[in-house]
Amino acid sequence: MPAEKAEEPGVAQEVPNGGGVVYEDNEEEEKVQPEDLSELLKEGTKESHEKAENTQFVKDFLRGRIRKELFKLATVALYYTYTALEEEMERNKEHPQFAPLYFPAELHRHEALRRDLEFFFGADWEERVRCSDATRRYVDRIHEVGRDAPALLVAHAYTRYMGDLSGGQVLKKVAQRALRLPSTGEGLHFYSFDNISSAKEFKQLYRGRMNELELDPDTKARVVEEANRAFRFNMEVFDELDVIGQTIKDEVLDGGLPVYEGKGDISKCPYYAAKMAASGGSSYACQMAMLVLRHPTGQVLLAACVAALAGVLAWYFM
């Protein structure tokens, strides 16, 4: 196959297709124009993005309050979604309106999700999972687009992969802590992009490729409309999970508030800890108090305070 070559100077070197992108340092700010597809998508999906982040499922997730059974079902939904998306990307990998965005080694999630499902459901996982109704509607639309309007695949790839490389990295830390998953990554392979050395630089490369697609204004508008539609499909999946959650015994594994460790683009997730601190009120304060008391240092400080108070009372009543 021909080599994949970055077309933005100073961003990536030429490497064999599927072999990973090698980045160079680039201190220059990304230059974009209002008519660029990346800008149209960014501006045109802001409202949908915010609505998706405000669904109850996502807010609970980011607060570290996750039912393991729901997390497993969410992983199932992702598996069917990415299987469909990557099948259509493979089908259209040479289509001129999509080919520049074909990065199988760097982005594809199908195999990673298979490993996660085997971890959660066992070796016979394929016999134990099914595609939910909301996910089926999403999958059907992806196949329809891939078959009849390949240019619109850009919208679905943008919505999924750019989110995975941004806020998805924060979700990985939250899930690992709240569900007490192994530090070796089992159950979270979906969030690991082993062939991307710099998420920031790769996203810049990807946006540059999007902006170089030969799309007329009408097609760009349709791509933005399709991206908003993709967000709605995702929200339908979240709402479906919320309904299912109401029927599941409360087994929340309270791992405390998630701690941001400097990895992932936290600015893409408005419900990280700082925002919760500003808006969580007494509920947040209680969570913080419980977190402190669970920590050994907090327990020692509490014991010291109690001992000091007991000493003062003993002196007073002598």
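This report describes helix packing and selected residues in a predicted model.

**Helix 9 and its partners**

Two packed helices are described by the angle between their axes and the distance between the axes. Helix 9, made of residues 153–165, packs with helix 12 at an angle of about 50°, and the axes of the two are 8 Å apart. Angles under 35 degrees count as roughly parallel and 65 to 115 as roughly perpendicular, and helix 9 and helix 12 are therefore oblique to each other. Their crossing is right-handed. On the helix 9 side, the contact is made by Val154, Ala155, His156, Thr159 and Arg160. Helix 12 contributes Val223, Glu226, Ala227, Ala230, Phe231 and Asn234. By class, the residues in this contact of helix 9 with helix 12 are six nonpolar, three polar and two charged.

Helix 9 also packs with helix 11, residues 199–211, at an angle of about 165° and with the axes 11 Å apart. Because angles over 145 degrees count as roughly antiparallel, helix 9 is described as roughly antiparallel to helix 11. Helix 9 passes helix 11 in a left-handed crossing. Val154, Ala157, Tyr158, Met162 and Leu165 of helix 9 meet Ala199, Phe202, Lys203, Tyr206 and Met210 of helix 11 in this contact. The contact of helix 9 with helix 11 comprises nine nonpolar residues, no polar residues and one charged residue. Val154 of helix 9 is listed in the contact with helix 12 and in the contact with helix 11.

**Helix 4 and glutamate 88**

Helix 4 covers residues 68–91 and includes glutamate 88. At 1.5 Å a residue, its 24 residues should span 34 Å, and the end C-alpha atoms are 35 Å apart, which agrees. Of these 24 residues, 17 are buried, so helix 4 is largely enclosed by the rest of the structure. Glutamate 88 is itself buried, with a relative accessible area of 1%. Setting aside neighbours within four places in sequence, glutamate 88 is in contact with Ile142, His143, Gly146, Arg147 and Leu153.

Valine 237 belongs to helix 12, which runs over residues 217–245. Not counting residues up to four places away in sequence, valine 237 touches Ala77, Ala134 and Thr135. The C-alpha atom of valine 237 is separated by 9.5 Å from that of arginine 137, 100 residues apart along the chain.

Threonine 55 sits in the loop between helix 2 (46–53) and helix 3 (56–62). With neighbours within four places in sequence left aside, its contacts are Met235, Phe238 and Asp239.

**Arginine 180**

Most residues other than glycine have a negative phi. Arginine 180 has a positive phi of about 55° although it is not a glycine. Arginine 180 is placed in the loop between helix 10 (167–178) and helix 11.

**Accessibility of the selected residues**

The table lists relative accessible areas; under 20% is buried and over 50% is exposed.

| Residue | Relative accessible area | State |
|---|---|---|
| Valine 237 | 9% | buried |
| Glutamate 88 | 1% | buried |
| Threonine 55 | 7% | buried |
| Arginine 180 | 55% | exposed |

Valine 237 is buried because its 9% relative accessible area falls under the 20% cut-off. Arginine 180 is exposed because its 55% is over the 50% cut-off.

Technical notes: Residues numbered from 1 in each chain as written. Predicted model: local features only at pLDDT ≥ 70, side-chain atom pairs only at ≥ 80, totals over all residues. Heavy atoms only, no water. Helix = DSSP H or I, 4+ residues; strand = E, 2+ residues; numbered from the N terminus. Buried < 20%, exposed > 50% of the residue type's maximum accessible area, 1.4 Å probe, protein only. Contact = heavy atoms within 4.5 Å. Axes fitted to C-alpha atoms, helices over the stretch in contact; angles between N-to-C directions. Left-handed = near helix turned anticlockwise from the far one by under 90°. Nonpolar A, V, L, I, M, F, W, Y, C, P; charged D, E, K, R; others polar. Expected span 1.5 Å × (residues − 1).
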